[in-house]
Amino acid sequence: MLEVADLRIRAGGASGEGGADVVDGVGFRLEPGERLGVIGESGSGKSLMALALIGLLPHDCAAGGSVRLDGTELLGTDERGLRGIRGSRMTMVFQDALTALNPLTRVGRQVAEPFRRHQGMSAPAAAGAAVELLELAGLPHPVVTARSYPPQLSGGQRQRVCIAMALACRPQVLIADEPTTALDVTVQAGVLDLLDRILGLETAPRPALLFITHDLAVVARICERVLVMRDGRIVEDGPAGSLLRHPRHDYTRTLLADARAAGWGG
Ligand SMILES: Nc1ncnc2c1ncn2[C@@H]1O[C@H](COP(=O)(O)OP(=O)(O)OP(=O)(O)O)[C@@H](O)[C@H]1O
Ligand SMILES: [Mg+2]
């Protein structure tokens, strides 16, 4: 279980002088297998919060408070300690799959990497597992895809590769920061279906999901519970169904009204 308490992030002045608190006292729990959505306007601190959880804050930012995974404190853990967690127990999918993948390394090799590194598979076994995973991720010609380089794939295919990689090690926690925002609407739907399907597989304990998005329709579909962030704080939190139907906070109402004005039918 992931427990976040009084998380504070100071950006643009990590050494202590200047800077601003862009995340200011955030706390929540993510239960095993739970799907938690995070919504909130641009600049409300969603991405920095996510990066702090997985120990990838930019160098000009500093975090305080506590982030515990099954009781182990992650904040302040050194790079060596984090390497045993990142990519195995906790993984992340980013908005821009092209920058998340190495353009000069074949896709199959990148997908195989976590199998080798974290599960100790031999190179041929990992290569086989990578092809299976690409097939599971709905890539049309998995063997051909494995031999391809990321720039040779479409945006949707690349994001499928990233999701496959993120789930290769059966993490306890998957963080997804706007994973479909950069994709066309029709491609978005396919990638969300994939996420839904892969998270629902019965083969292993289901990873918990922290899903950051602007899209309330996506929250309604994917998430069980929602946090609403504004100016670095959580202003509302509750079950997705009731929060989206009966928001309590004015700010959440505004977000919902904006989404409806932009065509959301929820
Ligand atoms: N590396 C950085 N240095 C200084 N300030 C930063 C840095 N990264 C982000 N910020 C600032 O921190 C605040 C929160 O940014 P963050 O990227 O977490 O917002 P967000 O909620 O993810 O927004 P969006 O919905 O647009 O992705 C913003 O005011 C942003 O300008
Ligand atoms: Mg963001």
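1. Some housekeeping: residues count from 1 along each chain as its sequence is written, while chains are lettered from A and ligands numbered from 1 in the order in which they are written. Because the model is predicted, local features need pLDDT of at least 70 and side-chain atom pairs count only at pLDDT 80 or more, though totals for chains, interfaces and linings use all residues.

2. Start at ligand 1. It has 14 residues around it, and Ala 11, Ser 42, Lys 46, Ser 47 and Leu 48 come nearest (near: C-beta atom, placed from the backbone, within 6 Å). Helix α1, residues 46–53, supplies the largest share of that shell, three residues (helices are DSSP runs of H or I, at least four residues; strands are runs of E, at least two; both are numbered from the N terminus).

3. Now look at α1 itself: six of its eight residues are buried (20 or more other C-beta atoms, placed from the backbone, within 10 Å of their own). Lys 46 and Met 49 are among them. Just after the helix, Gly 55 has a positive phi of about 75 degrees.

4. Met 49 is worth a click. Beyond its neighbours within four places in sequence, Met 49 is in contact with Leu 7, Ile 9, Val 23 and Val 26 (contact: C-beta atoms, placed from the backbone, within 7 Å).

5. Then the sheet: six strands, open and mixed, in the order β6-β7-β8-β3-β9-β10 (strands pair if DSSP finds at least two bridges between them). Strands β3 and β8 run parallel over four bridges, and Gly 37 sits opposite Phe 211 in β8.

Conventions. Buried ≥ 20, exposed ≤ 12 C-beta atoms within 10 Å, placed from the backbone. Contact = placed C-beta atoms within 7 Å.
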